[in-house]
Amino acid sequence: ACFLDSMATLGLAAYGYGIRYEYGIFNQKIRDGWQVEEADDWLRHGNPWEKARPEYMLPVHFYGRVEHSASGAKWIDTQVVLALPYDTPVPGYMNNTVNTMRLWSARAPNDFNLRDFNVGDYIQAVLDRNLAENISRVLYPNDNFFEGKELRLKQEYFVVAATLQDIIRRFKASKFGSTDSVRTVFDSFPDQVAIQLNDTHPAMAIPELMRIFVDIEKLPWDKAWDITKRTFAYTNHTVLPEALERWPVDLVEKLLPRHLQIIYEINQRHLDHIASLFPNDVDRLRRMSLIEEGGTKRINMAHLCIVGSHAVNGVAKIHSEIVKTQVFEDFAALEPEKFQNKTNGITPRRWLLLCNPGLAELIAEKIGEDYVRDLSQLTKLHEFVDDDLFIREVAKVKQENKVKFALYLEKEYKVKINPSSMFDVHVKRIHEYKRQLMNCLHIITMYNRIRRDPAKLFVPRTVIIGGKAAPGYHMAKMIIKLINAVAQVVNNDPMVGNKLKVIFLENYRVSLAEKVIPATDLSEQISTAGTEASGTGNMKFMLNGALTIGTMDGANVEMAEEAGEENLFIFGMRVEDVTELDRKGYNAQLYYDRLPELKQAVDQIRSGFFSPKDPNLFNDVVNMLFHHDRFKVFADYEAYVKCQEKVSELYLNSKAWTKMVIRNIAAAGKFSSDRTIKEYARDIWHVEPSDLKIPPPNEPRDAGQDKTPNGTAA
């Protein structure tokens, strides 16, 4: 969404393509501390922003078989599903430019199940239309986890096949795809079209474009491959091995038989090339193959994307380094120039102007309104870091946002919180690598300290944790239950009073993020170093006047670089330390034995202190922490708790805290998605952003003035 906003604001002729899911990410309800999923029937009351475009409906083929003849390969006896596009306008910021997001919905053809030698069960045939239309029924809710389901592969090919037909139709209709009497000349295709693959989910676009060029347009293979490679670029979004897409060959063979043949051909030529450069290096061939042998044969979609693209990028400096030196090191050694970095960004239109008008207005009073389109201008705020009035105003806006959020929480969730406490916020998908468990251990530690010495000064905190767990992710669901169990005890202990409150924020989503982020004092970004590709919540908090406690991971590294490490609360192992610990072997028991407060917290979880009715409830969690914690929670616990003490100490000094906040906001300019998109445009798509403001429709304009001065459409 941020990228679409930036592309329109920068005047790029760009389209966002995807699936119009009937049911989006589930709504999360918390019942008795457990996550319960509900279907998100978001279209129930209609969607006024979309316009169905049946005139652009396109067929998508599945199953069938391949027939080879002198004239080439033919994919026949297929089942057809229709793709109906729905267009949503994407307006640029105050520049009279409107781009399009086109989402495809699956429709059965009208003769579905009626064209074959049908026994005459007309009713059943019409009911069976649902089978085809299920393709766009529901979004798979997994976060960083690959589940090789046939319906998911159908969804991936569905969006790819419809989109590529649409792109080629548009290319042929334009002056560039000028036709001679025989066929379109596709030589200029990569100069007019750039396709960015958002992770490996649309990877089938590579064999699909090859199929169109070779089988339908009758281009020679080498020509088709050259055009294909120059058209595609691939963005990697994760390094977790369980998230990488590896489709079973037999599933692809059944669903997309021609595409499997094309992938085999791509792989053969790829491996021939490697073998010519590294003779007798069979292990390298095995590592770099698109096909993984052993057990069930699988297609490594990331390898397909790398081989079929002219550019590959990660989404933060540290992530792009890991991609180059670890995950895809063989490929990077071969073509180092192919690998790039494009650090993620967020749109300041949604994530400042819309969600935090008070702060946006305060900034505009000091440095003017131009920063909204050029966020680098925020550096001008450095001049006001010692301005007492400005410091007070920034603190006042934050306090107003906190009161407003406290009121919202009281109205919607019937929970009362103290708006003068520190709002310590950890909102993101629930996953072991994001280490919500480490936050939980810190909450228990604070609780134990308050009970041990109730008279001691304690900086009051409201800890807010929110996020959805994938429905099939048992450990993530146990983490939610644990947080709620701890909250139950902490919030009802009279010895604690209002010093410490724990809230699990139900059904965390963008609209709720827009409320909680402007009210946050402390942003938790505590993933194990080397696991969070970038993160963007971290940037949203920084722009909205929160301070960050975090590891040197993802974009946190660059945030510290921009603001100065002394203006973030950085703690814990760096990537090198994690690597070294892996080499030595991580032994959780050591930390448990060495750290009495950690031992106490873990023992309380284990003994049923937080689950008296079921003392063994959290056995799985404790067992994981001791015996198979890939993300080394105990190893960073001590540094995290000490760092949190520094946070509390600074919070006592409101003026020093707010000065650090101002330094952070002043350093947030790099993290605009406008900067990110300019880099994609110049380094990958080879188009120039335009700041031409198109005249509004009510003003005359020159007939000669071209709406899009850019060649390529991304």
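What radius of gyration does the chain of 714 residues have, and what would a compact globule have?

Modeller: Residues are numbered from 1 along each chain as its sequence is written, and side-chain values use heavy atoms, leaving out hydrogens and water.

On size, the chain has a radius of gyration of 27 Å, which agrees with the value near 27 Å for a compact globule of 714 residues. That radius is taken over C-alpha atoms, and the globule rule is 2.2 Å times the number of residues to the power 0.38. Along the principal axes, the C-alpha atoms fill a box of roughly 90 × 65 × 60 Å. The chain has 28 helices and 22 strands; these are DSSP runs numbered from the N terminus, helices being H or I with at least four residues and strands E with at least two. Of the 714 residues, 57% count as buried, meaning under 20% relative accessible area, with exposed over 50% and partly exposed in between (1.4 Å probe, protein chains only).

Now for your lysine. Lys540 sits in helix H20, residues 537–543. Its relative accessible area is 15%, so Lys540 is buried. Beyond its neighbours within four places in sequence, Lys540 touches Ile346, Trp351 and Ile517, where a contact means heavy atoms within 4.5 Å. Across the chain, 73% of the contacts between residues at least 6 apart in sequence join residues at least 24 apart.

As for confidence, the chain averages a pLDDT of 95, and 96% of residues score at least 70; pLDDT is the predictor's confidence in each residue, from 0 to 100. Over residues 703–711 pLDDT stays under 50, and the model has 14 contacts for them beyond four places in sequence. Where pLDDT is low, the predicted coordinates should not be read in detail.

Methods: This is a predicted model: local features need pLDDT of at least 70, side-chain atom pairs count only at pLDDT 80 or more; totals for chains, interfaces and linings use all residues.
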